[in-house]
Amino acid sequence: DLISVFDVPTMKLLDKRSLACDGICEFQFSPKANIIAYWAPEHKNQPANVNVIELPSRKSLRQKNLFNVTKCSLVWQENGEYLGVKVTRHTKSKKTLYNNLELFRVNEPGIPVEMLDVKDAVMAFSWEPQGSRFAIIHAENPTSTKVNVTFYDMFRMSEPEKKKGKKKSTGKELIAEVNKVETLEGKQCNCIFWSPAGRTIILAALGDSASGTLEFYDCDNKSLVIKEHYRANQVLWDPSGRTLATTVSQPIGGGHFKFAMDNGYIVWSFQGKQISQQSFETFYQFQWRPREKLFNKKETAEVSKNLKKYEKQFNAFDEAKKRKLRLEETRGKRKNRSAFRATLARLKEIRSNMKQERMALLNGYDSEDESNFTTKEVTIETILSSKEELVY
């Protein structure tokens with residue numbers, strides 16, 4: 001019932017003592033702040049609870065008690081702004097299970113918690129990395145082949161109230177309230193993968209028993225592109241969110257024979273266009289090179305605002321890149337043309353050196369001297385067709 005937190009790089013125990021957590025089952029660190037969240041099941045007369053603890057002060061920032069809990073899963077948003085807890089509850093008879101989501105607004109005073117009831121079984125839960133949206137896969141039966149994917153937002157837009165004697169305001173108010181955005185029904189997916197840049201999400205059917213369907217969904221434009229990678233078992237976004245890879249990889253242990261025909265990877269653009277494909281007899285792992293995030297939200301907004309200022313620079317770079325590609329494509333043709341011209345010049349030189357020998361064999365006749373030729377000009381007229389018309 002302890003969490004031992006170590007300081008790096010010394011690897012010494014923080015404050016020389018562990019953090020006491022009665023009955024702890026799972027804990028997760030915040031991706032950004034020195035905050036740790038954990039949950040513990042019901043113990044003796046104590047209800048199940050989710051705790052949010054600040055380090056190194058060990059101060060309890062928020063505690064949420066839960067009842068009739070079978071299991072909890074903790075999911076942090078990438079920026080550490082929100083914590084989602086998927087709670088699997090049971091009835092008093094413990095024969096029926098149902099789900100609800102506990103949503104913590106970590107950056108707000110007091111860390112308010114909102115509960116979202118979900119009548120169906122929730123199979124997957126994932127936050128948008130750079131935003132306030134999240135998506136869940138749910139169905140009435142956990143073993144269903146057809147599922148629904150629902151998107152929620154931690155904020156909703158509200159029209160301002162119209163007051164007497166005042167002109168109608170055109171601005172909209174942002175209210176901190178969980179808002180259902182939309183539901184995609186009848187999908188064949190068991191995993192969801194948000195782009196690191198947000199906005200785009202992949203609805204994937206992964207595994208041996210799945211179809212390998214990949215649905216590229218743009219949450220802003222509501223556009224959907226459907227592709228397929230048979231027997232794919234991984235989806236890996238590159239750090240920029242521009243491309244992703246789907247792979248069929250085999251375990252390092254036994255059972256590799258069933259993967260031999262399908263092993264390999266396909267690289268896609270975020271819009272669902274296939275970029276490249278490679279197959280291997282044995283294939284174990286695929287990893288993107290890590291990439292540091294260069295800009296924060298404020299800096300990204302500033303660049304977007306002044307994008308026209310950099311347009312000429314970007315266009316010049318693109319033209320230089322295209323020209324380089326064109327030169328690469330024509331390199332072989334230019335090489336062959338140069339070789340032909342060199343051969344032609346060599347043959348002309350050989351012929352010029354043999355001129356005296358040719359004239360001696362022809363009794364002094366120079367076939368290249370124009371004065372030895374008589375030029376006659378002959379004109380031949382040919383009637384191609386004729387037509388006679390009688391005019392009365």
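In what order do the four strands of the open sheet stand, and is their pairing parallel or antiparallel?

**View 1. Four strands form an open sheet in the order 5-6-7-8, with antiparallel pairing.** Strand 5 (26-29) and strand 8 (59-66) are the edge strands, each pairing on one side only. Neighbouring strands of this sheet are turned by 15 degrees against each other on average, direction ignored. Strands here are DSSP runs (E, at least two residues), numbered from the N terminus. Two strands pair if DSSP finds at least two bridges between them. Axes are lines fitted to C-alpha atoms, and angles run from 0 to 180 degrees between N-to-C directions.

The model is predicted: local features need pLDDT of at least 70, side-chain atom pairs count only at pLDDT 80 or more, and totals for chains, interfaces and linings use all residues. Residues are numbered from 1 along each chain as its sequence is written, and side-chain values use heavy atoms, with hydrogens and water left out.

**View 2. Strand 6 (residues 35-40) and strand 7 (residues 48-54) run antiparallel.** Six bridges join strand 6 to strand 7. Tyr 38 stands opposite Asn 51 in strand 7.

**View 3. Arg 156 and Glu 177 meet in a salt bridge (3.2 Å, N to O) through their side chains.** A salt bridge is a side-chain nitrogen of Lys or Arg within 4 Å of a carboxyl oxygen of Asp or Glu. The whole structure holds 19 salt bridges. This pair links distant parts of the chain, 21 residues apart. Arg 156 lies in strand 16 (residues 156-158). Glu 177 lies in the loop between strand 17 (173-175) and strand 18 (179-187). Arg 156 is partly exposed, at 26% relative accessible area. Glu 177 is partly exposed too, at 33%. Buried means under 20% relative accessible area, exposed over 50%, and partly exposed in between (1.4 Å probe, protein chains only).

**View 4. The side chains of Glu 215 and Lys 187 form a salt bridge (3.0 Å, N to O).** Glu 215 sits in strand 21 (residues 213-218) and Lys 187 in strand 18, 28 residues apart. Both residues are buried.

**View 5. Asp 208 and Arg 231 meet in a salt bridge (3.5 Å, N to O).** Asp 208 is in the loop between strand 20 (200-204) and strand 21. Arg 231 is in the loop between strand 22 (223-228) and strand 23 (234-237). Asp 208 is partly exposed, at 46% relative accessible area, whereas Arg 231 is buried, at 13%.
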